[in-house]
Amino acid sequence: MTEVASSPSENDGARPLIFGELNIVDDAPAPEPSSDDVSLEGLEQELQDCKSDDVVAMILSKGTKLRDYTKDVENNLSQIELDSIEDYIKESDNLVSLHDQIHDCDTILSQMEMLLTGFQAEIGSISSDIKILQEKSMDMGLKLKNRKAAESKLAKFVEDIIVPPRMIDIIVDGEVNEEYLRTLEVLSKKLKFVEIDTMVKTSKALSDVQPELEKLRQKAVSKVYDFILQKLNALRKPKTNVQILQQSVLLKYKYVVVFLKEHGKDIYLEIRAAYIDTMNKVLSTKIRAYIQALEKLQLDIATSSDLIGVDTRSTSLFLRGREPLKNRSAVFALGERINILKEIDESALIPHIAEASSKKYPYEVLFRSLHKLLMDTAASEYLFCDEFFGEESMFYEIFAGPFAVIDEHLNTILPNCFDAIGLMLMIRIIYQHQLIMSRRRIPCLDSYLDKVNISLWPRFKMVFDLHLNSLRNANIRTLWEDDVHPHYVMRRYAEFTASLIQLNVDYGDGQLELNLDRLRMAVDDFLVKLAKLFQKPKLQTVFLINNYDMTIAVLKEAGPEGGKIQMHFEELLKNNTAIFVEELLVEHFNNLIKFVKTRASEDLSSGSERTITVSEVEPIVKDFASRWKAAIELMHNDVITSFSNFLCGMEILRAALTQLLLYYTRLSDCMKKISGGSALNKDLVSISSIMYEIRKYSRTF
C-alpha cells in the first residue's frame, strides 16, 4: 500500500482523492439518458411485480410522488457514501499496518515456496528410485518363481530317477512281504518314469541310472517268480485247502501279478500257465476222487426192465438182487425224492460220513452234491482269477479238466440210467442251479449247465419212450389176471404220471405235457384191451371203474395239479359208472327196467296198437314187491366185493338205488294211467319205503 499522494485541499473539482490504492471519485451529475437509451421492454412485467412490493405499496399509500421519493433515496445514499469515506480515512493507519503484515506474509510464503519446490524435486528423485527398485523386485520375484518351479521339477525328477540304497537292499536281499510289495510299487513307478517321460530320455542322468534300474527289475521279476512258484507248489500238496490258501495268502500278493504284467510279461505268462496247469490238475483230481467216493453211495433204482408195461413175473430174480424190494416203488412213485429240490442249496454230501452210516442215495442226490461242489468251487475260482490275475477267461482254461472229468462220469452214468423220475429230477436240479448262479451274478457255468441240461433231456425222452412202447407193445394175455381189482401196470402208470405232473408244477414244460398225453392215450388203449379179456361185460366195466378210480386217487394224492389228465379219467369213470349201474339194475330188475324203457315210455293217450293192461303189469309189480329188499342186499354185496375203493363202491350203489327209485316211480305213474290199475295198489311198495332203504345204505358211508 502507498502513502497518500496529496491533501484534500490540493485536489479540487473533479479530481479523485487517493488513499493508498483506494480511489474515491466525487459525485458528478449523471448524464441524462437519451430517449434512444431507454428500453420499455419488460416494463409491464416490472409494474406487475411492483404491485406486490411492500415498499412501493407504502409509498403509493402515502401519496408521495415517485420522483421526490427517488431523490430522497439518492441523497441518503450519497450521505452514507460520505460517511463510509470518513470511516475509511479514520482507519487508514490500521490499513497501512495490515498492508505491511500482508507484505511480510508474502515474503515468508515465497521462502516456503522455494523450500517446497526443493522438496518436490527431491521427492521426484526418490519416486524414480522407488520405481527402479520396484522393477528390480519384480524381476527378482519372477526369477525366484522360475527357480522354485525348476527346483520342484528337478526335485521330482531326482526323486523319480534316483535309486535309494534302501530300495536296492530290499529288492535284492529282502523277503517278499508287505514292505517288499511297497518297494515294488516304487520300482514300478521309476521304471514307468524312465520309459514314458520324453525329457528323461534326453537326460544324461539316465545313462547312469537305467542300467541299475534294469538290474533291479530283473532281480525283482526273478524273485517274485520264485515266490509265486513256491505258493503254487503248495497248492499241489495233498489235503491242502485251496480256497483258504488263495484267499489268505495269494490275494495279499496280488500286486506281484500286476508288476509282472507291466515289467515282466514273459514271466507273467509263465506264471499264468503254471497256475492254470496246477489248478487244472488239482481240481480234476479232487473232483475225480469225489465222484469215486459218491459212486460207492449210489442206490440203483431202475433197470432196463423196470418199465410200466413189463410183466414183473417175467423178470429174473437174479436181476433184482442189487437193491432191496422196498426201493422198487421208487421206480414209478416220486415219494420223498422230491425233497431234493427243497434242499437244492444245502451243503454237498461228505462221502466218508455218509459211507460210515452205510446209507445209500438215489443218483439225483449224488448228482446234486456233485454240482453243488462244482458251483461253489467254480464261483470261488472265477472270483479269484478276476481279482488276482484280472482275467476272467482263465477260468475256462482251468476248468477244462474238471469239466472233462464230470463229462466222462456222466457219459458213463447216463447210458445206463433208466430212472425217468431221477432224470427229470436232475433236469430240475440243473434249472435250480442255473437260478442260483444267476442270483450270484456269476456266469462262468452258464454254458456248462446248458450242456448238461441238453444231454439230460434226450436221455429222459429215450427212457420215457421205453415206458410208452412197453404199453404199446405189451403182451396183453401175459399181463392179464382174472381179477377186477386195479392192475399193477395201471398203478405204475398212475404213480409215474403223478410224479411227472408234480415235477412240472412250477415249470409248465409243454414238451413234457405232450409226452404225458401220448402216454395217457397208450394206457387207455392198453386198459381197454385188458378189460376185453373178461368174459362178462359187467366184469369189464368193474375192472375199468376200479382202475380209473385208483388212477384218479393217485393223481389227487400227488396234488391238485392233475389237470386235464385227471379230468379225462374222471369223465371215463363217470361214463363207466353209468354203464355199471344199468348192468347192475338189469341183473336184478330186468323185467321192471325193460317194461319202463319200452312200454311205460309210450303215450297211453295216443292210441298205440297194444294197450298196457293190468295183466301185463301185475307180474312185474308182484315180483318187485316180493324180492326188492333181497335184491338191494345182493346189489350191496356185489358192490362191496367188486370195488376196491369202498367209498367209490358206495357212491355207485347209491347211484344204482337212485336210478332204481326213478324206474319204480315211472312204473307207479304208469299204473295210475292203466284202466283198473288201482287193483294193484295193495302190491305196490311205497316210495317212502324205498327211500328209507336208500338212506339206510347211504349211512354206511
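Ala, Val, Leu, Ile, Met, Phe, Trp, Tyr, Cys and Pro count here as nonpolar, Asp, Glu, Lys and Arg as charged, and the others, Gly among them, as polar. The model is predicted, so local features need pLDDT of at least 70 and side-chain atom pairs count only at pLDDT 80 or more, while totals for chains, interfaces and linings use all residues. Numbering runs from 1 along each chain as its sequence is written, and side-chain values use heavy atoms, with hydrogens and water left out.

On to the overall fold: the protein has 27 helices and two strands (DSSP runs of H or I, at least four residues, and of E, at least two, numbered from the N terminus). Of its 701 residues, 40% are buried, meaning under 20% relative accessible area with a 1.4 Å probe, protein chains only.

Now the largest pocket, which holds about 630 Å³ of space. A pocket is an open set of points on a 1 Å grid over the protein atoms alone, where a 1.4 Å probe fits, with protein on both sides within 12 Å along at least five of seven lines; lining residues have an atom within 4 Å of a point. The volume is the space filled by probe spheres set on the points, which are joined across faces, edges and corners. Of the 24 lining residues, Q243, K286, Y290, L373 and T377 sit closest to the centre of the largest pocket. That lining splits into eleven nonpolar, eight polar and five charged residues.

Key:
Buried < 20%, exposed > 50% of the residue type's maximum accessible area, 1.4 Å probe, protein only.
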